[in-house]
Amino acid sequence: MKLVVVGFGQCGNRIADEFSRLNSRARFRRRISILADAFAVNTDSADLSILSSIKSDYRHRILIGNRKTNSHGVGKINELGAQIAKQDGDKVIDHIRSTERFYESDAFLLIASAAGGTGSGAMPIMTKMIKERFIDKPIYALIALPFEHEEKADIRTIYNSATCLKATYLVADAVFLVDNQRYIEKDSSLINNFAAINKLMVEPFYDLLCAGEETKAKRIGAKLLDAGDIIKTLKGWTVLGYGVSKLPVIRLPFVRRHNYRKKSTETIKGIQTMDQAISNLSLKCDPRDSASALYLLSAPVEEITMDLVKELVDYLGEVAPRAMIRYGDYPRGESTVKTTLILSQLNSVDKIMEYYDKIPKLTEEKEQMQEENENKLDKIMKASRKVPSLF
Ligand SMILES: Nc1nc2c(ncn2[C@@H]2O[C@H](COP(=O)(O)OP(=O)(O)OP(=O)(O)O)[C@@H](O)[C@H]2O)c(=O)[nH]1
Ligand SMILES: [Mg+2]
């Protein structure tokens with residue numbers, strides 16, 4: 001499956017840059033392309049300049065709203081991010097349209113944080129605009145949710161997240177939810193964490209996108225998972241999971257095939273990676289709320305047995321009993337077993353409910369604070385009337 005990736009705002013730009021690196025890896029190691037192109041869109045020129053993989057010309061790193069923001073971002077005001085996207089969105093669409101390999105792409109993936117200003121505001125507006133212009137391609141949004149400490153520090157964080165999620169859900173074909181909090185590594189600094197978090201966030205897409213693009217016969221699975229399977233699975237609120245298990249480096253296939261104990265170890269390894277994928281979902285949710293699931297098993301060909309594939313379908317069926325399950329296998333040369341999991345069409349997501357539920361109280365508090373503020377300023381103004389003027 002080939003994507004056109006577009007990142008908005010700092011977070012969106014950096015994750016899009018990570019996707020671009022993933023594409024370079026696929027081209028270098030597997031001789032296949034998983035992106036038709038990658039773009040970064042921002043109101044902040046400094047954020048655009050620090051990217052390393054997305055092409056550095058003005059068509060790929062697109063500065064918007066510079067008259068309004070002086071190229072310094074919108075300072076978390078997502079209404080301004082949305083307004084700028086409405087005004088400059090055509091410029092973004094022109095650059096996307098003029099990309100050489102656009103016709104090869106299967107879908108769009110738009111990326112932003114929920115809590116910032118530029119990305120949070122531009123995401124729904126641009127999703128809508130792109131959908132109106134390119135009616136035959138699905139549009140997926142990937143939204144990074146804020147850390148808990150950010151939610152506590154500033155009411156804008158919740159407000160932006162709720163408004164961005166609500167509007168994006170209405171226009172995107174599916175919304176991948178990735179929660180920064182789930183990826184925190186407590187022992188490194190925040191900035192190092194962003195690089196690490198972004199890597200972890202995009203990794204599940206690697207095999208998922210590569211599998212359907214393989215042309216070498218030995219890399220094509222007995223049950224090939226292609227763009228059609230992924231597109232049919234994705235709808236509405238969606239989360240991702242990923243699990244990896246290393247195999248012993250020296251394998252003796254002729255021994256393995258005849259050894260029942262080895263065979264059960266393989267199945268256990270496969271189940272372990274599915275367990276990992278379920279417990280490390282990109283946002284905490286209940287798999288029973290999903291109506292559509294997909295998994296891809298990547299492993300050396302001799303590890304992919306019918307037993308294992310069946311066990312994994314059964315297992316996922318128990319965990320997500322309402323879901324229609326699609327699956328595929330991807331024979332690889334590496335000595336690892338990997339499971340990539342998508343749970344889509346979620347009909348309940350606690351985190352989103354939390355954001356939405358907080359909005360009425362926050363709006364009330366915000367109005368109260370504004371009123372208090374105005375009253376206090378009024379008092380100062382009144383007191384100042386008795387002070388002689390220098391004008
Ligand atoms: N996962 C991840 N989250 C990020 C990254 N950079 C920022 N964030 C998160 O994104 C939110 C802030 O949004 P930004 O993307 O920086 O904001 P923006 O869209 O550039 O908007 P403005 O700066 O207000 O114009 C916070 O919740 C951060 O924790 C990143 O590289 N990766
Ligand atoms: Mg910014």
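Colleague: Which elements each supply at least two residues to the lining of the largest cavity?
Modeller: Strand S4 (107-113) and H8 do. H8 gives the most, with three residues. Helices (H or I, at least four residues) and strands (E, at least two) are DSSP runs, numbered from the N terminus.

Colleague: What sort of model is this?
Modeller: It is a predicted model, where local features need pLDDT of at least 70 and side-chain atom pairs need 80 or more, while totals for chains, interfaces and linings use all residues. Residues are numbered from 1 along each chain, chains are lettered from A and ligands numbered from 1 as written, and side-chain values use heavy atoms, without hydrogens or water.

Colleague: Back to that cavity. What volume does the largest one have?
Modeller: About 80 Å³. On a 1 Å grid over the protein atoms alone, a 1.4 Å probe fits in a cavity but cannot get out; a pocket is open, with protein on both sides within 12 Å along at least five of seven lines, and lining residues have an atom within 4 Å of a point. A volume is the space filled by probe spheres set on the points.

Colleague: How many cavities of 30 Å³ or more are there?
Modeller: One.

Colleague: What classes of residue line the largest cavity?
Modeller: Twelve nonpolar residues, with no polar and no charged ones. Among them are Met1, Leu3, Phe108, Leu109 and Tyr140.

Colleague: Now the pockets. What is the volume of the largest pocket?
Modeller: About 500 Å³. Its lining has 27 residues. Gln10, Cys11, Ser113, Gly116 and Gly117 lie nearest the centre.

Colleague: Which elements build that lining?
Modeller: Helix H1 (9-30), helix H5 (118-133), strand S5 (139-145) and helix H8 (190-211) each supply at least two residues. The largest share, five residues, comes from H1.

Colleague: And by class?
Modeller: The lining of the largest pocket has nine nonpolar, 13 polar and five charged residues.

Colleague: Which space does ligand 1 take?
Modeller: The largest pocket. The rule is that more than half of its atoms lie within 2 Å of the pocket's grid points. H1, H5 and H8 each give two or more residues to the shell around ligand 1.

Colleague: How many residues surround ligand 1?
Modeller: 23, counted when a heavy atom lies within 4 Å. The closest are Lys76, Thr118, Glu150, Asn180 and Asn198. The shell divides into eight nonpolar, twelve polar and three charged residues.

Colleague: Where do its oxygen and nitrogen atoms meet the protein?
Modeller: A polar backbone atom of Lys76 is 2.7 Å from an oxygen atom of ligand 1. For Val74, a backbone N or O atom lies 2.9 Å from a ligand oxygen. In the side chain of Asn180, an N or O atom is 2.7 Å from a ligand nitrogen.

Colleague: How much of ligand 1 does the protein bury?
Modeller: 90% of the 650 Å² that ligand 1 exposes when taken alone. The areas come from the Shrake-Rupley method with a 1.4 Å probe.

Colleague: What about the second largest pocket? How much space lies in it?
Modeller: About 400 Å³. Its 19 lining residues include Ala36, Asp37, Ala38, Lys55 and His60, which lie nearest the centre. H1 and strand S2 (35-42) each give two or more residues. S2 gives the most, with five. By class, the lining has five nonpolar, eight polar and six charged residues.

Terms used
Nonpolar A, V, L, I, M, F, W, Y, C, P; charged D, E, K, R; others polar. Polar contact = N/O pair within 3.5 Å; in protein donor to acceptor, adjacent residues only side chain to side chain.
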